[in-house]
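Student: I would like to learn how to read a few features of a model. Please take me through them step by step.

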Amino acid sequence: MTVSSDSRRRAVASAALAVCLAAVLPYLSTIDNYFVRDDFGVVELLSGKPAGYFPKWFVSSWMDEIWGHVPDEVRPFPAVSYQLTSLGGAAAPFLHHALNIALHAANGLAVLAIGLLAVRLGVPAAAFAAATFVLLPVHGESVAWITGRVDSMPALFYMLCFLAFAVWRDSGSRSRGLYAASLAMLFLALFTKQTTITMVATLAAWDLVARGWPASLWARLRTYLPFIAMTGAYLALRYLLFGQVVRESALNAEGMRYFVQLLQHHLAHVVVGRVDAFGVAVVVVLAAAAAAHLVAGPAGSPERRRTGALLLFFGPLWWIIGVAPTAVAGYESPRHVYLAAAGWAIVLGILADLAWARARSVGVRRLVSAVALAVVVFYAVGLHRVVAEWNRMAAVSHKAVLDVRAEALSAPEGSLLVVGAPTRSWEWAVPFSVRPPYTRVDLTRRVSIVTPWLLHCCRGQWYDDTRRILADWDAHHGQAPIVVMRWDPDTGALSRLSDREYPALRSVVAVLRQLNSREALDANILRLVEQLPRGAK
């Protein structure tokens, strides 16, 4: 081994360690965070499946019908990950968060490897790209929220698939092991999340833009056939199971208008950490100007062509391919651009590498280093705010579970609890959050619990379920106490009011039973909860 190669290996190892620290340290405060939102239902369902259930998830929806319908999601690998992270106790969040953080660090290392092996960046620039990626505030939801792994896990397999293919191409297409590894990663990616069906487009774009088509078109195309066949078989399976391939019913004019809005929001979240059209426009224009200046060189030079091709691939193309699946997502979430954000980080790494290589003095190189450090600090500060917000949501969620449990166990049997937990902590959570494994007993068997519409697991069933609960309570426990509960979304402070302090609650509940629309019932429950005096006991 030469001194230079030994030195490079140490530099790469140091870069990998730095990337891992950048990925892990900001999220250490979340390691014991309580469950929020969908977590309650997902963990309850998957932790309760028998050990041998794994093969069935290849031919069925991983969520059964816990949301009131069967989601068109074949995800055996995320499903089994919940079984593994529940081994320390389904209601213990530590292992769930530990896996999320480990996945995030692994994705950072994948970006580092792509920078070094596919893009051929210098070690500092590749480390900068990977560190930037793991510190992007847009990733807060994917890492700090347990259910967020449904985007970080497929992103890892997707990037490893691309990396193996790119390195295989660089090897002259001789290593069967790399080609097989790329196919294996595609299999894992497809059965982790359906959004990874874009892999063939990514590989073809890499060949076309970054490498250029060879003289023999067939020689290039036939390498895609196994990837196409695997993707086609997966889509056929989806059609057999769910009667649709890619949620094509969402591909309409209204959906496309919403998608355009999503694109703007997603780009802003990735580039500046929040929805800020002006800020993202400034950053993108500056990045484009820097790219144009740094790429400038002798017309037609191989270096200029390659750099331009890399910026095109990891800039517009990677972004478009990465966000395309959100056109049929049906809702907006920052975690949906976890994979697409890798392209932005690599573009920044390419620009940093170019700037460093073109620097003619120590002073200019110091300036380049200072700008790179400023970028990292900017994203780290934004990420700190996002993580702090998730910490607050988790703390309030835990407080709500404890308070409801205490109220339900101390109140006379048959009491009616109107529970108004903050939506950002408990959306989709009920009834899972008030029964095992989060409580020792199913609290709904001791008391009647109603909530606003957004807190219920099954939006289509909420109205009928709530009316049934109120009718059953009136028929069998109509004289039992009524308690309304609300929590401050930031502090978790509980406000509580019973019919003992406010006898008119009985009249209000009687009105709720008579309302004949979902909108009216939800609005009146929300009004009852929101008008509760702060600090009421």
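Tutor: Start with burial. Buried means under 20% relative accessible area, exposed over 50%, and partly exposed in between (1.4 Å probe, protein chains only). This is a predicted model: local features need pLDDT of at least 70, side-chain atom pairs count only at pLDDT 80 or more, and totals for chains, interfaces and linings use all residues. Residues are numbered from 1 along each chain as its sequence is written, and side-chain values use heavy atoms, without hydrogens and water.

Student: Is Leu25 buried or exposed?

Tutor: Leu25 counts as exposed because its relative accessibility is 52%.

Student: Where does Leu25 lie?

Tutor: Helices (H or I, at least four residues) and strands (E, at least two) are DSSP runs, numbered from the N terminus. Leu25 lies in the loop between helix 1 (3–24) and helix 2 (39–47).

Student: What about Arg37 in terms of phi?

Tutor: Phi of Arg37 is near 55°, a positive value in a residue other than glycine. Arg37 is in the loop between helix 1 and helix 2. With a relative accessible area of 16%, Arg37 is buried.

Student: Why is strand 1 largely enclosed?

Tutor: Strand 1 (residues 416–420) is largely enclosed by the rest of the structure because 5 of its 5 residues are buried. Leu416, Val418 and Gly420 cover one side, Leu417 and Val419 the other.

Student: Which strands does strand 1 pair with?

Tutor: Two strands pair if DSSP finds at least two bridges between them. Strand 1 runs parallel to strand 2 (residues 448–450), joined by 3 bridges. Strand 1 also runs parallel to strand 3 (residues 482–487), with 5 bridges. Leu416 stands opposite Ser448 in strand 2 and opposite Ile482 in strand 3.
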